[in-house]
Amino acid sequence: MSGLSVGMVIFLIAVGLSLIFGTLKVLNLAHAAFYMLGAYLCFWVSSLIGQSIGSFWVSLLIAPLLVALFGGIVEMLLLRKIYDREVLDQFLLTFALILIIGDLCKLAWGVDYHTVDTPWPLNAPVIFKGLIFPRYNLFIILFAPLLWAGLWSLIHKTRLGSIIRAVTHNREMASALGVNVSYVYTGVFMLGCWLAGLGGALVAPMSAVMPGMDAVVLIDCFIIVVVGGLGSLSGAFLGSVIFGLVTAFGILIAPRLAIAFGFILMIVVLIIRPWGLMGKPE
Amino acid sequence: MEDKKSQAVKSKPIAIGMAFALLAILPQILGPGDLSLVNEMLILGVAASGLNLMMGYAGMVSFGPAGLYVVGAYTMALLLFYTELPFGIALVAAPVIAGIVSLVVGWFCVRLTHVYFSLLTLAFSQIIHTIIFEWYGFTKGDDGIVDIRVPGFIDSITNYYYFTLIIAGISLALIWMIVKSPFGKTLQAIRENPDRTEFIGIHVRSYQLAAFVLSGVFLGVAGALYCGFSHSVFPDFGDIMKSTEILVVCLLGGIYHFLGPMVGAVVYMFLDKTISSYTEYWPLVLGVVIVLLVIFLRGGIVGFVTEKIAMAKQRKTAEAEDYVSS
């Protein structure tokens, strides 16, 4: 149960990562750092508000927006300069962001772990047929697919979505047709960061907020996105499911090497179908 | 003009000789602390030069060089820990095993291009790291292997420094010969345009695989040197942080120059030690340095300096021409 809800959060973060790669063609290693920032900001905002009933919900709203804002600044100041560069520059720049964001979080909130209380009215468990389900986890399991559906309709059914898809498909052509490509890039990057930040805020009541919480998530997200197909939203969904199954299977037969199963999955997909299960070949 | 060129050719061996002479007398000048810092610089320089053989010359960007570095280090450590084999054999075995692993990993990787190539190298290095980390019965996992025996004659820091200097010198000479050979030139052709190179009848994948393996061999050498230097090995020699360190070193020095990675290693280690002694936030500083490098200093330090020298020379000749024409 808790595994499934954590999986749902990772899925949301992976969707953001995939969205950013699809449109900006940048492999954002720092994506999980934005997730961590979201978790810290959620803790910070809710502790600023204090012990009132709605404090978590307010910070769930505010923290991801702050992360998106920060992401927008990063995109405009740094990422924008390296879109035409080689993959090495992207790797190094986004890795540098991991170091910077990680240390800034340490500077701001220290190295100790922080916790966020499970919010009302989800702090009581649901008892169903003698089994206990934490309500908060149920909420996430329902919320994440809804959000994904909303995002899918945004991309595939609205005018804004068609602009994003046009830019993703052919940047020069879209630009020639009067689309302001750099606005779209900033917007999509902010949307991706918002998703990462939301993931962080959602995780905060379930696990400790502390330095290094981004490392594991980063690896999981990468495997999911590569397996599903870089840039594909439905691929991120399929990737999450397969990754979840493979990891569960791995834990069953060789618990210590469970992480390796994820990598093996990624390697197999990269070798057979480098563009991923649902992606399109370049 | 021709005179100048032959002069430059003649002065090169002299410069190299002087550099070696300077490095050889360092133990007389520096204390043990600084000497071991120089030692680490040399080792990191060998690793970065090995990576650059593949990255700078063949244009294959690996995100997982530490995966092969750690194979070299653990080969040496495990042989010396579990067997009675002499040090020399372990030292040879490290690059050989690293080369064999690169052959297997590379065979898959060269089938992919661009970002997919890089991602696959990352995935393989993570698997290697996971195996070393989790196989506690054999590799001692997170505890690492400590107190590795080394022969008496290189036990002191000064002697180990000379040992590193010799191995690093040989490695760099070999890499130099490789990149200046027809094979090395072919790699550069592949970097510039793989399709055209294929059209003139060169089997690009075989060349890329060869570059991958050679690169792995030198990463293995560096890993073994570090194992002997610290008398211990740990799984984090093979993690993504170490991979990035080697990549940053290459970029810092300049990937399109032979000595770039070596210069990068010297500057990087110096910054690391100096800044770490002032603040615990070395990663923050490193992050800012990388951002500045990527955005403003693309050719690295060596690239920047050679560019400035070229510009100064151009100005000089332009001035001279102005003088003549007036």
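Chain B, read along its sequence, follows the pattern α-α-α-α-α-α-α-α-α-α-α-α-α-α. That gives chain B 14 helices and 0 strands. Helices (H or I, at least four residues) and strands (E, at least two) are DSSP runs, numbered from the N terminus. This is a predicted model: local features need pLDDT of at least 70, side-chain atom pairs count only at pLDDT 80 or more, and totals for chains, interfaces and linings use all residues. Residues are numbered from 1 along each chain as its sequence is written, while chains are lettered from A and ligands numbered from 1 in the order in which they are written.

**Chain B overall**

- A compact globule of 326 residues would have a radius of gyration near 20 Å, and the 21 Å of chain B agrees with that. The radius is taken over C-alpha atoms, and the globule rule is 2.2 Å times the number of residues to the power 0.38.
- Along the principal axes, the C-alpha atoms of chain B fill a box of roughly 80 × 55 × 40 Å.
- Of the 326 residues in chain B, 44% are buried. A residue is buried if 20 or more other C-beta atoms lie within 10 Å of its own, exposed if 12 or fewer, and partly exposed in between; C-beta atoms are placed from the backbone.
- Among contacts in chain B with a separation of 6 or more, 78% join residues 24 or more positions apart. Two residues are in contact if their C-beta atoms, placed from the backbone, lie within 7 Å.

**A helix pair in chain B**

- Two packed helices are described by the angle between their axes and the distance between the axes.
- Helix H2 (residues 32-57) and helix H10 (residues 204-230) of chain B pack at about 170 degrees, with axes 7 Å apart. Axes are lines fitted to C-alpha atoms, for helices over the stretch in contact, and angles run from 0 to 180 degrees between N-to-C directions.
- The angle makes H2(B) roughly antiparallel to H10(B). Angles under 35 degrees count as roughly parallel, over 145 as roughly antiparallel, 65 to 115 as roughly perpendicular and the rest as oblique.
- The residues of H2(B) that meet H10(B) include B:Asn39, B:Ile43 and B:Leu53. On the H10(B) side, B:Phe212, B:Leu219 and B:Tyr226 are among them.
- The residues of this contact of H2(B) with H10(B) divide into 16 nonpolar, 4 polar and no charged. Ala, Val, Leu, Ile, Met, Phe, Trp, Tyr, Cys and Pro count as nonpolar, Asp, Glu, Lys and Arg as charged, and the others, Gly among them, as polar.

**B:Ser125**

- B:Ser125 is found in helix H5 of chain B.
- B:Ser125 counts as buried because it has 27 C-beta neighbours inside 10 Å.
- B:Ser125 touches B:Gly64, B:Ala66, B:Gly67, B:Gly238 and B:Ser243, not counting residues up to four places away in sequence.
- B:Val105 is 20 residues from B:Ser125 along the chain, and their C-alpha atoms are separated by 9.1 Å.

**Where the chains meet**

- Chain B gives 32 residues to the contact, and chain A gives 30 residues.
- On the side of chain B that touches chain A, helices H5 (114-134), H11 (240-253) and H13 (282-296) of chain B each supply at least two residues.
- H5(B) gives the most to that side, with 13 residues.
- The residues of that side of chain B divide into 24 nonpolar, 6 polar and 2 charged.

**Chain A overall**

- Chain A has 11 helices and 2 strands, in the pattern α-α-α-α-β-β-α-α-α-α-α-α-α.
- The radius of gyration of chain A is 19 Å, close to the 19 Å that the globule rule gives for 282 residues, so chain A is as compact as a globular protein of that length.
- Buried residues make up 48% of chain A.

**The nonpolar core**

- The largest nonpolar core has 192 residues. Such a core is a set of buried Ala, Val, Leu, Ile, Met, Phe, Trp, Tyr and Cys residues joined through C-beta atoms within 7 Å.
- A:Ile13, A:Ala39, A:Cys221 and B:Ala73 have the most contacts inside this core.
- A:Cys221 touches residues including A:Ile10, A:Ile13 and A:His31, not counting those up to four places away in sequence.

**Two lysines with positive phi**

- Most residues other than glycine have a negative phi.
- A:Lys25 has a positive phi of about 60 degrees, and lies in the loop between helix H1 (2-24) and helix H2 (31-49) of chain A.
- Phi of B:Lys140 is near 65 degrees, and B:Lys140 lies in the loop between helix H6 (136-139) and helix H7 (157-180) of chain B.
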